[in-house]
Each structure stands twice: as C-alpha cells, then as structure tokens.
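Here are my notes for your first read-through. Keep the 3D view open and check each point as you go.

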Amino acid sequence: MEFVHDIIRKPIVTEKTVALMEQNKYTFVVDNRATKTEIKRAVEKIFNVKVVKVATMNMHGKLRTMGRTKGYRPDWKKAIVTLAEGNRIEILEGM
Amino acid sequence: MDDLRGGSNPPVRTITYFALGFYRVFFLARVSKLSAGYGIIWLVLREDLVLNSLIEKKEGGRVTLKVTIPAQDFDKNYAEAIKRAAREHNFPGFRKGHAPKPIIISRLGESYLLSEAASLSIYMTQAQAMKDNNIQPIGDPQFDVEQVNEHEDFIYTLTVEVMPEINLPEYKGVKAVKKIRKISDTEVDEFVENTRKRQAQLVAIEDRDTVENGDYILFDFKGFINDEPFEGGAAENYTLKIGSNSFIPGFEDQMIGKKIGEAGEVHVNFPEDYHQESLAGKPAVFKVTVKEIKKEELPELDDEFAKDLGKETLAEFKDQVRSDLEKQAENAATYDLENSILNIIADQTEFDVPPSMIEMQIDSMVTDFKARVEYQGISWETYLEHSGKTVDEIKKDFEPKALQAVKNFFILRDVAKLENITVADEELDAKFEELAAGYQVSKEMIREYYENNNRVEDLRHDILTEKTLRFLVDNASVEEEEFETETK
C-alpha cells in the first residue's frame, strides 16, 4: 500500500475510545488489508508519534434489512494503537 | 366539525394557532428553565460570589452599572454551561451528558459556550448588583457584555430605567386660585326651559284639517315602484314632523296641503346615493292617508310642571336646578384647582421621567382616544384620513400630556409616602358601597367584580390619589374667585 491515508481511514471517537486515550491508546478504522506493521508506520508518519503496539481486529458488517431484502454492511478492520509514553495525538482528543 | 369553524379558512388558522402555541411553549420553556435551573445555582453561589459593581453613568432616567465577576467564579459558570450543553445536545458515540469537555467545545464552538456562560452569570448576578447599588428598576434591564473569556474576569454592563428620585419642592401652602363659575339666573332659566322642551307633548289640532309646514302628522303610507310594493316602503300610524327632512327629499313638501282622511299620492325619486342600493335613483309613488295633525305643546311653567318632576313648587324646582348647577361648577372648579396645584408643584420639580413610562402613558392615551373616536361611529382609518395625521403625529400631540400625567403620578406617590397617607380597608369598603349605590347593585357584587378582575389594587390607588389630592388642596393657600360666563 502506497499512501498512509489509504491505510488509516478515520479515528473512532466514542465514550469507550476516549476512555482508552487515558492509557495512550488511540483507535482507528483501517483498511481491511492493512497489517500491523503498515498501521504502525502510517500512524507514526501522520501524527509524528512513536508507536509501541498495534492491536487489530476484523469487524463483521452488521445485518441490515431494507424492506424485505436483507444485506450486510461492509466488514471493516479496527486498530487500537498504543503510543510510547509521552506521545499524544491532541487533535483526536477534541473531535 | 366544519360548520363550527364559522367560515374562516381552517388550515390557515390551525397553522397560525399551532405556530403561536409552539412559540409560546418554547418561549416559556426557555424562560422557566432559566429561572428554575439558575435559581438553584443562585442559592449555592450567591454566598461566595464576589460581586464588584459600580455605577458608570446616570442619565435620562437610565442607570448603567458595570459589573465584574472574578475569573474563578466565571469559570464555575463556564463549567456549568458546558455541563448544561452536554445534557441538551446529542453527541454521537456518547451517552447524553457523558461527552467530555474538549469534545463539546470543539463541536459546539467556544463562543457559543462562552455566551451561555455569560448569560448564566448575568442572570445570577443582575438582581444582586442592582440591590447593591440601591437601584429600583422599571422594566427589564439591557445587558452588554464587555469581556468574556475563560480564566478571565467577566465584565458586563447593565442598563436599566430607574424609578426617578424626586426632590419635592415645598408642596404645602401652594398659592392657587379656585375659580368658581357663578351661576346666573339666565342659566337657571335656560335649564328649566330645556327641561320644559323635553317634556313637550304632541296634541292634536282640532281647528284645521290641512297639513302645514312644521306640523306633526300621524299618517299611513304605502310605497310602490313600478306599481310593485317594496320592502320597508309602508307603515301605519307613522308620526312625521313636516320640515324635519327625515324622509327622502320632496316627500315632506308634498305632504303640505293634504287633508285629514283624504287619500293622496306623493311622487318622489330616491336619491342616487340612497343607502339601500336596490332603491337608489328609482322613482316611487307613495299612497298616503293623513289621520291626524298634531302640534308640539310645551307644558305650562307652573307648580304643576314642577310636580311632574317630583317637586312641590316651581320655585323649589328652580332652587334644585340652581344647586345642581352650582355643584357641577364647584366640582369643575375643584378639579381645575387640583390640577393647577399639581402643575405648580410639577413645574418646580426637576427629575428624569423614565422614557418607557411616558411611552406607555402615550400608548394608553392613544388607545383611549381611538376608542372614543370609534365610539362616535368613525373608524380609526377614516379619522386618520380626515385629520391628515399619522399615528406618530397623534402620539406626539399626546406627549406633553403624558409627561404631565407621569410626573403627577410620581409627585402624588411621593407626597403620599412623605405624609404617610394610606388607604384603610374601611375606606375601600366605603368606596365599594359608593360604587354599588351608583350602579344600583349590591356591595358584594362590586367587590367580587373588582376581586375577580384583580382591580382592587387599582381602586386602592385611586382612593390614595384622591386623598393625596385632597391633602394638597387642604394644605394649599387657596383664593376663591367667582367669574361669570356670558350665556349663549
């Protein structure tokens, strides 16, 4: 993958992830095919921080019904990135 | 359902109603939320709130206060405003009220939150600030925020109209002239003569049977247009004064010379501008029969005449008339005296009359005036057209009067206060009795009416005004003077 913004799609800012930020963990939606190493490199490049750990998980798209047709939302990948101590991504804390 | 709506356009009305209703509810909700919610904080914070307020300027009955709230207190209010915003807005990803401060600030904008905090602070402190400076406000104050920032002192100015402070001049011993109009004998006679005319009776004339100008005739008539009778064109035993021009032109003239008991005809054209359009401009024939010719007969001016009016003799009646007229003159003189005393005091008193009160007074005077015009059967628009004035010009005309009225109000209020003039319940009671006698209903009914309409305080105020005026008159050095008016 060539561009870092293709890997990191958007941050997730919810009550849960804001609580995780206390532990220096930031949560993103990432490309389904992205690997932990790619994610680490991308986050370091975009936010200019040091990453110590990346946890990823594949999320299944939810079942949605439109009238009588049923379908699934797209599957996606979630990444929780732990930063080295002293590093912060301030912009995400107020989004 | 539809027939109940009485012809108005239901959708239009419904929408208007709903829109209004919504607005009102919305408005009330906001206001009550403010007062209720802030009331609690008020109690908590008022104790430790260090208020720094000082009077910046005073002019034209307005006072401007500069109020400073220390940074730490303002920050508390800022935090409260944020908490409030968290509760009132939805932030996706967060339960209501659980969004963290930076998120709220970035999504709602700092200026919005600061202005919320500012109004919170203003509502909490305005009453205290005014109290600290001994300001008695009229109406609602206006606020201008001068400085609002987090971690900084919050500064705002408050501008409000105040009850004017009056330095009353010496109001006792005011020199005034009471001008009483002298009632002349001619005036009494004239009044009696008018009464006599009102008592006039119609008496049949026996000695002639031909109608003359000035006669009252009793007659039947039946009108035809193109040999067809028309509506409203016939009557029996109708009394008409010849020469009074109460019928269409030409009718009365043609009645002259008609004889009792003889059938006759009257040919007339309805005028072009006749109010009933179907008849306007059409020729009509009236078949008329005169039944009686009458003339007006005035009662003899003697004791008999007086007896009909409830008096024993004519002299007694004249005395009664004289004393009635004198009483009227006396009342008018007292009224003028009271006014002139008030004017003298007002001229010696300098104070800033609150503009909004003058405005209100003018408005109520114009409303009164409008009601009087309309009472005379002239529509307000027609009046404006004929007088060639705009509403604003009329308002301007009333300005001096309104100023006088407001001034008098304050003078009377202050005199009453200084002299400890109050209205006792017994006096209120007596007033009810007086009113009841005037309207010929029971005292309880009057009392109930006033209580139900929340007018008791108004009445009390009226009595107080009366008493204060009487006090001023009693304490003035009054010279009495009689004057005569030439009778017309």
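1. Start with the salt bridges between the chains. The rule finds 1 across the interface of chain B and chain A. Its partners are A:E15 and B:R95. Their closest N and O atoms lie 2.6 Å apart. Bear in mind that this is a predicted model.

2. Next, polar contacts. Across the interface of chain B and chain A there are 2 residue pairs of this kind, both at pLDDT 80 or more. On the side of chain B that touches chain A, 5 residues are nonpolar, 3 are polar and 2 are charged.

3. How much area is buried between chain B and chain A? The value is about 630 Å², and carbon and sulfur atoms give 52% of it. In chain B, the residues that lose the most area to chain A are B:G93, B:F94 and B:I103. Together they make up 49% of what that side buries. The contact draws on 10 residues from chain B and 7 residues from chain A.

4. Now turn to the sheet in chain B. It is open and has 4 strands, in the order β1-β2-β4-β3. The pairing is antiparallel. The edge strands are β1 (52-59) and β3 (137-147), and each pairs on one side only. On average, neighbouring strands are turned by 20 degrees against each other, direction ignored.

5. Look at one strand pair up close. β3(B) and β4 (residues 154-162) of chain B run antiparallel, joined by 7 bridges. B:V145 stands opposite B:Y156 in β4(B).

6. Finish with the helix on this sheet. Helix α9 (residues 355-375) of chain B lies across β2 (62-69), β3 and β4 of that chain. The helix runs at about 45 degrees to β4(B).

How values were computed:
Residues numbered from 1 in each chain as written. Chains lettered and ligands numbered in written order. Predicted model: local features only at pLDDT ≥ 70, side-chain atom pairs only at ≥ 80, totals over all residues. Heavy atoms only, no water. Contact = heavy atoms within 4.5 Å. Buried area = accessible area lost by both parts, 1.4 Å probe. Salt bridge = Lys/Arg side-chain N within 4 Å of Asp/Glu carboxyl O. Polar contact = N/O pair within 3.5 Å; in protein donor to acceptor, adjacent residues only side chain to side chain. Nonpolar A, V, L, I, M, F, W, Y, C, P; charged D, E, K, R; others polar. Pairing = 2+ DSSP bridges. Helix = DSSP H or I, 4+ residues; strand = E, 2+ residues; numbered from the N terminus. Axes fitted to C-alpha atoms, helices over the stretch in contact; angles between N-to-C directions.
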